[in-house]
Amino acid sequence: MRRRVTPAGGRRAGALAAALVLGSAGVVLSLAAGPAQAAEVSFATHCVPPAGIDPVDGTTKVEITAPATAKVGDTVDVVWKFTQAASKNPNIIDLPANSVQPSGTLKAAGAQTSDIAMQGPRQNPPIPKGAAMVLSDMKGSLKLTAPGEVTLTPDAYTVNAMSTDTKCTPKETVQKAATIQVTAGGGSSSSTTPTPTGSATQSATPTPTNSSSASASASPSDGTGQTDFTGKEVQVPYACKTPIGDKNATSPVQINAKKNGGSFDLTVQFKKSVMDSPADIPADSVKPSMEVALGGADKGTVHVEGPTNSAPIKSGDPIEIPDLTGTYKPGASGESTLSPGVLTIKALGTTTTCTPTKSEVSLTLDTTQQANGASGGSSTSGGSSSGGSSGSGGLAETGASDHGALKALGLVAGTAILLGAAVFTFMPGRRTR
């Protein structure tokens, strides 16, 4: 039985200690720890931005909130609040709202030693060029395993903005920021668990971006009557094949599902993908599609696609990547996973194919096998089984000699797309309508 205490608010009434059950895992939380404490520390920090930007030396100021007292066996929540980040937004671009996400490590020492994974939501106000970085609060949790004094000390952290990382590490010994007095209880082995930090519109449990094992979990057959399932936003590294050379880029992608009988209507979102075009683009000339990869109990792919641009796009106007939609008809019963797969972009008579170099699950569904389902093949947007590449907007044939007319897109340095003579700025973050 898992016990959790909140990082703030003081001791609650004894009746609440009877527990709150979370999710299908049957996790039970107990509010038995002492009042929360908060302490601020500051430390010299060296930050390394993406390639092409000079390193920055500054001062980080952090406030750590944790219970003052707890018992062995409790899982305590801790909060890392940035009162000052070491670096500013470089004088390159204005960062839009909800485009910056921090993650980091909080070190526990004393009665027990462990690294606590901390993460904050992708929530921030617009940050102009040259302005101070505004970072969300990071949260994490620690299961207490031994009686005595446990100290909490901030360590390295990473700021992810526009799919690029700035890594910041202490240049000096950091002072402890909080202390938990742990009394004897019934604890056992040590473990740390990131606390859910998703935005208000995302119900999936987020994990640090470099984790490839976690996913949002949906249980349509658990008797709850749930029909809508929200996936986890995952950072997808793509390798793109183009006639002008191989290009790499990383983009945040999220897969959501809505139960429709025995099938699921899928929606794949590229989070705030804004493309600014310096050239005029005619209507109905840009069409994206993807093959969502199935795993777990099921096998194969599900074809999803988005509409073409309905109106001409003038030079300098932004281009929004639309939602990609399709239908998943399960081909197996059990726990099936959905991951972003091969991305295909057709534009002005050209085709570019981008293949993920790392697979990461965005959504997990409890599925029931359907006739002519996806297992072992590929499920099209109409839900039927098919093999090979799809006809319209599907997998492009790569490496063929009859594609001499391709002028192609190329994802350059993770931030630009080349389409013929046009150049688009690619800025992943949260979608704006």
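Analyst: Buried means under 20% relative accessible area, exposed over 50%, and partly exposed in between, using a 1.4 Å probe and protein chains only. The model is predicted, so local features need pLDDT of at least 70 and side-chain atom pairs count only at pLDDT 80 or more, while totals for chains, interfaces and linings use all residues. Residues are numbered from 1 along each chain as its sequence is written, and side-chain values use heavy atoms, leaving out hydrogens and water.

Start with the overall picture. The protein has 433 residues, and 48% of them are buried. It has 32 strands and zero helices. (Both are DSSP runs numbered from the N terminus: strands are E, at least two residues; helices are H or I, at least four.) Take the contacts between residues at least 6 apart in sequence: 72% of these join residues at least 24 apart. (A contact is heavy atoms within 4.5 Å.)

The largest nonpolar core holds 38 residues. (Such a core is a set of buried Ala, Val, Leu, Ile, Met, Phe, Trp, Tyr and Cys residues joined through side-chain atoms within 4.5 Å.) Trp 80, Leu 152 and Ile 180 touch the most other members. Eight strands are on the list of those that each supply at least two residues: β4 (36–48), β5 (56–67), β7 (74–84), β8 (100–110), β9 (114–119), β10 (138–143), β11 (148–161) and β13 (178–183). The top contributor is β11, with five residues.

Thr 153 is buried because its relative accessible area is 17%. Beyond its neighbours within four places in sequence, Thr 153 contacts Thr 105, Leu 106, Lys 107, Val 174, Gln 175, Lys 176 and Ala 177.

With a relative accessible area of 1%, Pro 154 counts as buried. Among the residues that Pro 154 touches, outside four places in sequence, are Val 41, Phe 43, Val 62, Ile 64, Trp 80 and Val 174. Val 62 lies 92 residues from Pro 154 along the chain, yet their C-alpha atoms are separated by 7.6 Å.

The whole structure contains one disulfide, meaning a pair of cysteine sulfur atoms within 2.5 Å. Cys 47 and Cys 168 form it, with their sulfur atoms 2.2 Å apart. Cys 47 is in strand β4 and Cys 168 in strand β12 (residues 164–170), so the pair links distant parts of the chain, 121 residues apart. The link is right-handed, at 115° about the S-S bond. Cys 47 and Cys 168 are both buried.

A second, separate core has 27 residues, including Phe 229, Val 268, Phe 270 and Val 304. Strand β19 (residues 263–270) runs antiparallel to β24, and five bridges join them. (Strands pair if DSSP finds at least two bridges between them.) In this pairing Thr 267 stands opposite Thr 325 of β24. Strand β24 (residues 324–328) has four of its five residues buried, so it is largely enclosed by the rest of the structure.
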